[in-house]
Amino acid sequence: MPSKNFVLGIFGGGQLGKLLAIAAKRLKIKTYIYTNSIDSPAIYYADDFIIGSYLDKKKLNLFIKKISIITFEFENIPFSILKNLEKNIPIFPKPEILKTLQNRISEKVFLNNIGVKTTEFKKLERNKLKSLDNNFFPILAKTINLGYDGKGQTFFKNKSEIIKYKFPNDQYILEKIVNLTKEISVVIVAYKNKIFAYEPIENLHSEQILRQSISPARINRNINEEAKTIAIRIAKRLNYRGVMCVEYFLKKNGDLLVNEIAPRVHNSGHLTLESYNVSQFESHIRSVCNLQSIQPKKIMNAIMKNALGKNIYKFIERKSYNKEFFYDYGKMHVKEKRKLGHLTKVF
Ligand code: ADP
Ligand code: MG
């Protein structure tokens, strides 16, 4: 059990941070949020917060003086900053892991090196576009760092389209489009000495944004086992601590490819709040704070729908029904396709 003065520092102040802070409060763990934006719903649920740039050394120093360990709801804090902070304070998951996973290329290289299949990919080399194989298309070009909810992604049907395109200055990965039948994700929680997997969740996207998650995923037993086994293997190889989510593409022939790994709690895992004995948020707090472990057990089936942009008003005005749980994250600004809330229905 952590001491009375124990304070959990959390980087990021969005809905994931808010749900982590709420879970921590239930476990009597104090939280302190560091975020770079005033529009951060998590700050109202934490014991304290600070608003500053993730590069502001003065504020970061103030922050670490008041906390016992650091974790994240937002994984794109620059590695050099984390490496420096780590000299003075434990960070879970480890900055080295974030460094590998922040970059879509090093993430895939790591996975392929441990025998895990990913999509076919290449780094964009602006002067070699003409030598790309026609069979590599259609593709998605994605920024190597910092993408989320499909941001920084451009679709190219064929070679002539990409040759004509003026890429902004960032670095890009080119990924072959997978002819997929389903997308699934597996949330795992890694404690000091054991790792548990939640059941695979089925995810429906449109315009590269998650719209709906369904638990359990409608897949056969073999795929179910394989998805959990791969996720646990990845966590072991990373020597992971905390909650992590592996996103997969399932192909028609049964091949399971890893799309990407989120080194944090995940949107698809929101439905664990109502449909499991222990939510992904509580699991994360328990593991990084070294509390007693709990094996996740599914107690209900569930469907979660994201409320994006102005759509949130429809959710707010809607009558609520039995066995439905609506979350309004309380963000200040309604922007197109921004994740503003979600609704989970259990059955
Ligand atoms: P983000 O970091 O924005 O979540 P992802 O790489 O997970 O980026 O892409 C978002 C979504 O876009 C995926 O869940 C999937 O629906 C679609 N997508 C991304 N890459 C591919 C691909 N190579 N083939 C088919 N669909 C893809
Ligand atoms: Mg994704």
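Author: Start with contacts. Two residues are in contact if their C-beta atoms, placed from the backbone, lie within 7 Å. Keep in mind that this is a predicted model.

Reader: Which residues of H1 meet H9?

Author: Leu19, Leu20, Ala23 and Ala24 are the H1 side. They meet Phe281, Glu282, His284 and Ile285 of H9. By class, the contact has six nonpolar residues, one polar and one charged.

Reader: At what angle do the axes of H1 and H9 cross?

Author: Roughly 65 degrees, for H1 (residues 15-26) and H9 (residues 280-288). The two axes come within 8 Å. The crossing is right-handed.

Reader: Now the sheet. What is the order of its four strands?

Author: Pairing needs at least two DSSP bridges between two strands. Here the order is E5-E8-E6-E7, in an open sheet with antiparallel pairing. From one strand to the next, the twist averages 25 degrees.

Reader: How many bridges join E6 to E7?

Author: Four, with E6 spanning residues 139-143. One bridge pairs Lys142 with Gln153 in E7.

Reader: Last, the ligand. Why does ligand 1 lie between two domains?

Author: Look at who supplies the shell. Domain 2 (120-176) and domain 3 (180-346) both give residues to it, so ligand 1 lies between them.

Reader: What surrounds ligand 1?

Author: There are 16 residues, the closest being Glu175, Ile177, Val178, His205 and Gln208. Five of the shell residues are nonpolar, six polar and five charged. Strands E9 (180-190) and E14 (256-262) each supply at least two.

Definitions and conventions:
Residues numbered from 1 in each chain as written. Chains lettered and ligands numbered in written order. Predicted model: local features only at pLDDT ≥ 70, side-chain atom pairs only at ≥ 80, totals over all residues. Near = placed C-beta within 6 Å. Nonpolar A, V, L, I, M, F, W, Y, C, P; charged D, E, K, R; others polar. Domains from an automatic or database assignment. Axes fitted to C-alpha atoms, helices over the stretch in contact; angles between N-to-C directions. Left-handed = near helix turned anticlockwise from the far one by under 90°.
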